[in-house]
Amino acid sequence: MKNARPQDSEPSAPDKRDYTPGTLPKCRNTVTAAVLAGLLESNYPTGLEAVFKASTTRLAAVIYYLEHKYGWCIDRRDIATGTRDGRIAEIVVYWLPQATIAKAFEAGARPWIDGVKVARAERRKHADKSKTAAEKMNAAIKYFKSHDPRQPDLWGGAS
């Protein structure tokens with residue numbers, strides 16, 4: 001089915017589950033590191049929270065990356081939430097099992113998490129510069145998209 005709803009993943013043998021933590025990303029100033037640090041601090045991110053806390057609209061892609069590149073076993077569940085326009089929307093919430101978090105902290109996750117917070121704060125200091133650079137890039141794209149090279153000018157030549 002093309003539009004089948006995602007199913008909650010319930011392990012068939014929860015007592016046999018592997019709670020070994022994955023590896024920690026080396027680069028600490030990334031969205032991936034910020035999301036993992038939040039998960040390790042027992043946060044339960046959703047897509048909308050990720051927009052404001054990690055500055056990303058691609059939380060599912062980050063979760064996929066953490067699972068497949070770094071080996072983290074991240075749980076998820078669809079939940080219903082009311083919207084401001086009166087609808088009920090289904091969203092996904094993610095979390096790490098407490099046993100995985102405990103093992104990660106035993107392996108030294110706290111200094112890494114603190115390093116992520118420092119690196120992300122340092123990166124946020126450059127937000128104004130990146131916003132200005134993005135505006136310039138978008139202005140250039142807008143200019144070139146409005147001038148189609150296949151469109152002849154008033155005198156019949158290519159513009």
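Start with Asp-114, which you'll find in helix H5, residues 109-124. Keep in mind as you click that this is a predicted model. Is Asp-114 buried, exposed or partly exposed? Its relative accessibility is 35%, so Asp-114 counts as partly exposed, because that label covers values between 20% and 50%. Along the sequence, Asp-114 and Ala-37 are 77 residues apart, yet their C-alpha atoms are 8.6 Å apart in space.

**Stop two: a pair of helices**

Select H1, residues 31-40, and then helix H3, residues 59-68. Two packed helices can be described by the angle between their axes and the distance between those axes. For H1 and H3, the angle is about 80° and the axes are 10 Å apart. An angle from 65 to 115 degrees counts as roughly perpendicular, so H1 and H3 are roughly perpendicular to each other.

Which residues meet here? Show the side chains of Val-31, Thr-32, Val-35, Leu-36 and Leu-39 on the H1 side. Across from them, H3 brings Leu-59, Val-62, Ile-63, Tyr-65 and Leu-66. Sorted by class, this contact has 9 nonpolar residues, 1 polar residue and no charged ones.

Thr-32 has a relative accessible area of 11%, and because anything under 20% counts as buried, Thr-32 is buried. Leaving aside residues up to four places away in sequence, Thr-32 touches Pro-25, Val-62, Tyr-65, Leu-66 and Tyr-70.

Next, jump to Thr-46. This one sits in the loop between helix H1 and helix H2, residues 47-53. Thr-46 is buried too, with a relative accessible area of 9%. What does Thr-46 touch, not counting residues up to four places away in sequence? Select Leu-59, Ile-91, Val-92 and Val-93 to see these contacts.

**Stop four: a buried loop residue**

Move on to Leu-96, in the loop between strand S2 (88-95) and helix H4 (98-106). At 2% relative accessibility, Leu-96 counts as buried.

**Stop five: the largest pocket**

The volume of the largest pocket is about 390 Å³. H1, H2 and H5 each supply at least two residues of the lining, and H5 gives the most, with 5 residues. The lining divides into 10 nonpolar, 2 polar and 6 charged residues.

**Last stop: the second largest pocket**

The second largest pocket has a volume of about 260 Å³. To see what lines it, select Phe-52, Lys-53, Ala-54, Ser-55, Arg-120, Arg-123, Arg-124, His-126, Ala-127, Ser-130 and Lys-131. Colour by element of structure, and you'll find that H2, H5 and helix H6 (127-146) give two or more residues to this lining. By class, the lining of the second largest pocket has 3 nonpolar, 3 polar and 5 charged residues.

Terms used: Residues are numbered from 1 along each chain as its sequence is written. This is a predicted model: local features need pLDDT of at least 70, side-chain atom pairs count only at pLDDT 80 or more; totals for chains, interfaces and linings use all residues. Side-chain values use heavy atoms; hydrogens and water are left out. Helices (H or I, at least four residues) and strands (E, at least two) are DSSP runs, numbered from the N terminus. Buried means under 20% relative accessible area, exposed over 50%, partly exposed in between (1.4 Å probe, protein chains only). Contact means heavy atoms within 4.5 Å. Axes are lines fitted to C-alpha atoms, for helices over the stretch in contact, and angles run from 0 to 180 degrees between N-to-C directions. Angles under 35 degrees count as roughly parallel, over 145 as roughly antiparallel, 65 to 115 as roughly perpendicular and the rest as oblique. Ala, Val, Leu, Ile, Met, Phe, Trp, Tyr, Cys and Pro count as nonpolar, Asp, Glu, Lys and Arg as charged, and the others, Gly among them, as polar. On a 1 Å grid over the protein atoms alone, a cavity is a set of points where a 1.4 Å probe fits but cannot get out, and a pocket is an open set with protein on both sides within 12 Å along at least five of seven lines; lining residues have an atom within 4 Å of a point. Grid points are joined across faces, edges and corners, and a volume is the space filled by probe spheres set on the points.
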